[in-house]
Amino acid sequence: MSFISTAITVFALLLLFHAGYSAYEFSHYLKHLTVNSNATLPIDIITETIVATGLFALGQVLGADKLRPVSFAKWAKGLEREGKSPFSFLERRPGYMNVTKLREEYASTKK
Amino acid sequence: MDEKERKQAIYPISTESLQQNGKNVYYIRSVTSTIFGVSAGILGLESYYGFLFYFAGTAFVSLLLFLLLARGQPTEYFASANDIWIGNALTGLSSFVLTWTLFYGLVDA
């Protein structure tokens with residue numbers, strides 16, 4: 001998770017907590033202080049909740065791991081760049097090593 | 001060998017990355033649907049409106065996945081383009097209902 005996505009997620013959760021607390025207080029006042037108990041939730045609490053939910057989803061999607069290409073060729077290319085090719089065994093065949101040449105090379109560097 | 005099989009043979013698919021992408025999307029769907037439940041409870045939604053809220057939220061997450069995660073090319077990362085729109089759409093429904101009912105009760109003083 002990158003810093004920005006974590007920040008967005010934490011901010012969204014704080015907003016959501018605040019909205020939930022506000023809704024709780026609102027219903028509390030409705031029950032204890034007023035006679036009109038059919039009032040709907042104030043528009044600012046509704047807006048806060050919806051914005052918080054949208055921001056949370058955005059933060060989660062931004063912070064998700066990158067998708068990997070599903071095509072085998074592209075996937076193998078990416079792995080090869082990291083040095084973990086699925087076909088690396090084909091590139092290292094000791095049976096084809098030219099030992100004489102390698103020894104000559106070694107001898108020339110020693111001089 | 002039909003057209004689809006021939007295409008599969010020429011352009012093989014890496015099951016490993018297919019699984020990894022599926023896991024990614026599954027995680028996002030579960031976490032966001034839990035939070036959708038919290039908001040539905042706070043908003044005090046009842047009956048069909050709660051489920052409508054869930055489907056609207058899921059559609060929003062699908063859009064975000066399509067635009068931000070798949071960068072407009074879902075076939076590059078999934079077996080079919082539908083996987084990002086309707087795949088896993090119902091996986092979070094049970095956790096949604098759980099948090100929805102919980103927060104509906106919590107918010108009511």
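The model is predicted: local features need pLDDT of at least 70, side-chain atom pairs count only at pLDDT 80 or more, and totals for chains, interfaces and linings use all residues. Residues are numbered from 1 along each chain as its sequence is written, while chains are lettered from A and ligands numbered from 1 in the order in which they are written.

**Chain A**

Chain A has five helices and zero strands. Helices are DSSP runs of H or I with at least four residues, strands are runs of E with at least two, and both are numbered from the N terminus. The radius of gyration of chain A is 31 Å, well over the 13 Å that the globule rule gives for 111 residues, so chain A is more spread out than a compact globule. That radius is taken over C-alpha atoms, and the rule is 2.2 Å times the number of residues to the power 0.38. The C-alpha trace spans about 100 × 35 × 15 Å along its principal axes. Of the 111 residues, 19% count as buried. Buried means 20 or more other C-beta atoms within 10 Å of the residue's own, exposed means 12 or fewer, and partly exposed lies in between, with C-beta atoms placed from the backbone.

**The interface**

In total, 35 residues of chain B are in contact with 29 residues of chain A. Contact means C-beta atoms, placed from the backbone, within 7 Å. α2(B) supplies the largest share of chain B's side, 14 residues.

| Helix of chain B | Residue range |
|---|---|
| α2 | 15-43 |
| α3 | 48-69 |
| α4 | 74-77 |
| α6 | 93-107 |

Each helix in the table gives two or more residues to the side of chain B that touches chain A.

**Helix α6(B)**

B:Phe96, B:Thr99, B:Trp100, B:Phe103 and B:Val107 are buried in α6(B). They cover an arc of only 110° around the axis, so they sit on the same side of α6(B). The arc is that of the directions from the helix axis to the C-beta atoms. The face turned away from the buried side carries exposed B:Ser94 and B:Gly105. The buried residues pack against α1 (3-32) of chain A together with α2 and α3 of chain B.

**The core**

The largest nonpolar core has 34 residues. Such a core is a set of buried Ala, Val, Leu, Ile, Met, Phe, Trp, Tyr and Cys residues joined through C-beta atoms within 7 Å. α2(B) gives the most, with eight residues. B:Ile42 is among the residues with the most contacts inside the core. Leaving aside neighbours within four places in sequence, B:Ile42 is in contact with residues including A:Ala19, A:Thr49 and B:Phe103.

Methods. Two residues are in contact if their C-beta atoms, placed from the backbone, lie within 7 Å.
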